[in-house]
Amino acid sequence: MTEALARLPKMDRVLDAPALAAVAWRREVIRRVAETLLAQLRARVRERGDTAVPSAEEFARSVAARLDALFDRHPTRVLNATGVLLHTNLGRAPWSRDAIEAAIAAAGACDLEVELGSGQRGSRFAWLRPALAAVIGAEDVHVVNNNAAALLLACTVLGQPGGVVLSHGQMVEIGDGFRVATMAAAGGCRIVGVGSTNRTHATDYEAALDPARGAPASAILWVHLSNFEQHGYVAEVALPQLAAIARARGVPLIADLGSGSLGEGLPPREPTIASYLEQGADLVLASGDKLLGGPQAGIIAGRAALVEPLRRHPMARALRPDKVTLAALHATATAHARRGAIALPLHRMVGLDPAQLQARAAAVAAAIPGATVAACEATIGGGSLPGDAMPSVAVRLEHGSPSALARQLRLGTPAVVGRVEGGALWLDLRTVEPDDDAALQAALQQALDRVAR
Ligand SMILES: *Cc1c(COP(=O)(O)O)cnc(C)c1O
């Protein structure tokens, strides 16, 4: 091992090697990346007894490859052929052309905080706030970075001093280990857990809010069960009943909806922000990049008297979205305001007719030996109803190793992400933009050529 360690390439020789002589990167950047790779190599020799040590020139080539990969454009474009419309790992809702153009226009100097008529200082929310309020159907709206930020802000400000009451049945984990209850508490708000996993009653909430208690809770938090369902011996307090309890005790009812449907063009089973407000929620929290079909953002919609203190709180400044987000979100609100079918990619995908998908899949499969067209199910995903599946159509490849083919597709240009299931690779056409069908076909052809080699 010490002999192998002694043979590790020397940094000066690596930096002077021909493979790094003409690269586009600064010398100090090359050195830092090379040092990281060298440390990994040293660890492999020490821990696994690896004795195959590269020459300085070989190592320099691997440093050059690493630099090229590191400073290539990331994240890169992917064709989503998973059949999951809102795929969190693939960036959730794809933006509309209008949203992309609005974001590009805002990326340079823009009238973010200046009122052009008067030349005076303005608010970055001046146009977005009334536009969103009008399409959502809410008295007032505030926007933060994402729904998690909305939850943090609402609970931190409105949950003082007694904390928020939350049913144990709604202590949802949303993904990557993040839980609604701990996010709500992250700003110092106490969480008063009530009820049990399967059953929570009105009396549980009432007890937590009872002024006779030492420190009654200051607000009620309701969380939409966005990624699972409960069946069997279960009971939860319906939103209108909870609203009546909140009103009787004079505390706000905060409803974390997550998915944030506005209704039009989406399955009617999806709860809308407006329906939560109508059922008596004082504030509804939702994501911008789920069923709203826009950029990542946190929407706080509801009573102006409650939205205002959130907007004024110091934390709001830390959670405020940037101009590019605001521009894309405004374009998304505009799409919701226009007459007719909603011109957002998400809504177009939901509205696709299986017969159209069948024709597109047949056209893609026609040029690919061994590819067939098969019926499948697409899902909305991203915190919409877990049972919400819709009929879809896929190009199906029963290839020798579907996972090897799936890997080659992911590594192609553009990258394509499909689904491996039942010994086959499925490329669901519902989540692929029709304009990308030709690119999908070409990528598939290339991936098949690569696995054949
Ligand atoms: C998705 C979701 C969140 C988190 O939203 P982000 O915009 O990803 O921060 C919070 N609560 C519920 C109920 C959700 O579905």
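**Exercise 1.** Determine the handedness of the crossing of α3 and α4 in this predicted model.

*Solution.* Start with the two helices. Helix α3 covers residues 27-48, and helix α4 covers residues 56-70. Their axes lie 10 Å apart. The packing angle is about 115 degrees. The crossing is right-handed.

**Exercise 2.** List the residues that make the contact of α3 and α4, then sort them by class.

*Solution.* Take α3 to begin with. Its side of the contact consists of Val 29, Ile 30, Val 33, Ala 34, Leu 37, Leu 38 and Leu 41. Now take α4. Here the residues are Phe 59, Ser 62, Val 63, Arg 66, Leu 67 and Leu 70. Sort them by class. The contact has 11 nonpolar residues, one polar and one charged.

**Exercise 3.** Describe how α16 and α18 cross, and which residues meet there.

*Solution.* Locate the helices. Helix α16 spans residues 354-366, and helix α18 spans residues 437-452. Their axes come within 9 Å. They cross at roughly 35 degrees. The crossing of α16 past α18 is right-handed. Next, find the residues. From α16 come Arg 360, Ala 363 and Val 364. They meet Asp 437, Leu 440 and Gln 441 of α18. By class, this contact has three nonpolar residues, one polar and two charged.

Definitions and conventions:
Residues numbered from 1 in each chain as written. Predicted model: local features only at pLDDT ≥ 70, side-chain atom pairs only at ≥ 80, totals over all residues. Heavy atoms only, no water. Axes fitted to C-alpha atoms, helices over the stretch in contact; angles between N-to-C directions. Helix = DSSP H or I, 4+ residues; strand = E, 2+ residues; numbered from the N terminus. Left-handed = near helix turned anticlockwise from the far one by under 90°. Contact = heavy atoms within 4.5 Å. Nonpolar A, V, L, I, M, F, W, Y, C, P; charged D, E, K, R; others polar.
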